[in-house]
Amino acid sequence: MEPFVFFGGKGGVGKTTVSCAYGVKSARAGLDTLVVSTDPAHSVSDVFEQSFGDDPQSVQGIDRLDAMEIDPDTEVQRHLDGIRQSLSDQVSAAMVNEINQQLEMAHQTPGAYESALFDRFVDVMRESDPYDRVVFDTSPTGSTLRLLGLPEFLQGWIDRLMHKREKSIDLFEKAAIGNNEPRRVMDGDPVLNRLRERKEFFEFASGALQSDAAFFFVLNPDQLSVNETRRAIGEMADNDLAVRGLVANKLTPEPDDDEDGRGARYLRDRVATERERLAEVRESLEPPLVAEIESRTAEVKGSLLDEVADELAVETAAEAPTFVG
Amino acid sequence: MDLSDRIERFRRLVREWARGFYHGLVSHPAYEKIEKEAEDIEDAFILACFPDAFGIPSPVSYYTAELLPFLEDEFEAWERRLWDRGSYLERKGQQYHF
């Protein structure tokens, strides 16, 4: 299967648990594995009971498994600082203030978080060399979908920007009469260079997402979760990304037949409802249901994680990335 | 100074004036026009990069902000032109210096 595996789904369905379990499963199968979380709540740290930062760190007690947590706030700040740095190198003091305003504004737009996360995702994919498998624990559905739709959208935008820039430089060059120096020169124009770099970055991103990534959705056996999954699959299709499989999590365990107390009746009812939902999932949703994981009574950590990993019928063998940019 | 020299000088003077006349009447306005067009496209480029400046939220300003350090001249000229712009007609006809 593809080297990059993404788990997505509605908030609270258990994406982190499933991602970590799959990470453990891959590591136990002998693959060098990295689990990447973008959850600002730092749930991966909770699952492994160990705190992780922005750089991959090995998970104690599990060989071949590393984890990292991307913090969008830090990423946005880092991006801002980077630009500030080159600003003070390039621009006269008088303009710095003027430009700084623009800069701060750009980093407070609603899209800044997503862009920062996306950049980091792509960086991780680009530098995934030491790992056979990278598992992404994504943030809840809506923003993840927007995130994965970004490359295509941005590529078009950048193309338009480059076209405008080329046209204006071309005219400036034509307008320079005789020996006059044109106001802008096409050759080595830093703006065009920058745009070109970005374009390549997005091209790599969409290539890697199309050909080297497998997407799974985690869902719970209730109507809301099933509906959201259906919508999400539709949107993924709009972005030309296929969903490889669905993982049903938090299934209610069935009571034994001889039990007939209030609790047992409650459980039996729930199990019946959930079966209907799962039947609906199997019939009406295209991706196959690859795992059905029962609810645990305690948080999934330590040995419980291994149990869950066993219930995940997702293959682990990893191919090398085909799209290397 | 003999006659041929004086004729030569006169011809040079006429040629210079003719070139200047042509330059002022034809080529300069034409180049100015091209330059104006380039400026207009550059303004459109800046606007496409930073629509937030007009309160239009843009999903790409996070990325276009990376261009700011290299757009110092453009940015300043853009602001200046924004202040200075009367009507569209006036802008387009400026090279005729009425």
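**Cores**

I began with the largest nonpolar core, where A:Phe6, A:Phe118, A:Met125, A:Phe136, A:Leu246 and B:Phe45 touch the most other members out of 76 residues. For the record, a nonpolar core is a set of buried Ala, Val, Leu, Ile, Met, Phe, Trp, Tyr and Cys residues joined through side-chain atoms within 4.5 Å, and buried means under 20% relative accessible area (1.4 Å probe, protein chains only). Helix 6 of chain A (residues 141-175) gives the most to this core, with 10 residues. I then noted another core lying apart from it, of 34 residues, including A:Val135, A:Val290, A:Leu312 and A:Val314.

A caution I wrote to myself: this is a predicted model, in which local features need pLDDT of at least 70 and side-chain atom pairs count only at pLDDT 80 or more, while totals for chains, interfaces and linings use all residues. Residues are numbered from 1 along each chain as its sequence is written, chains are lettered from A in the order in which they are written, and side-chain values use heavy atoms, with hydrogens and water left out.

**Strand 5 of chain A**

Next I checked strand 5 (residues 133-137) of chain A, where 5 of its 5 residues are buried. Helices (H or I, at least four residues) and strands (E, at least two) are DSSP runs, numbered from the N terminus. A:Val134 and A:Phe136 point one way from this strand, and A:Arg133, A:Val135 and A:Asp137 the other.

I found strand 5 running parallel to strand 1 (residues 4-8) of chain A, with 4 bridges, and parallel to strand 2 (residues 33-37) of chain A, with 5 bridges. A:Phe136 is the bridge partner of A:Phe6, and A:Val36 also stands opposite A:Phe136.

**A:Ser26**

Is A:Ser26 buried or exposed? I have it as buried, with a relative accessible area of 0%, and its place is in helix 1 (residues 15-28) of chain A. Its C-alpha atom is 5.3 Å from that of A:Thr316, 290 residues apart along the chain.

**Between the chains**

Last, I turned to chain A and chain B, which bury about 3,900 Å² between them, 71% of it on carbon and sulfur atoms; buried area is the accessible area (1.4 Å probe) that two parts lose on being put together, summed over both. I counted 7 salt bridges between chain A and chain B, each a side-chain nitrogen of Lys or Arg within 4 Å of a carboxyl oxygen of Asp or Glu. One of them joins A:Arg184 to B:Glu74, with the closest N and O atoms 3.1 Å apart.

Note on methods: Buried means under 20% relative accessible area, exposed over 50%, partly exposed in between (1.4 Å probe, protein chains only). Two strands pair if DSSP finds at least two bridges between them.
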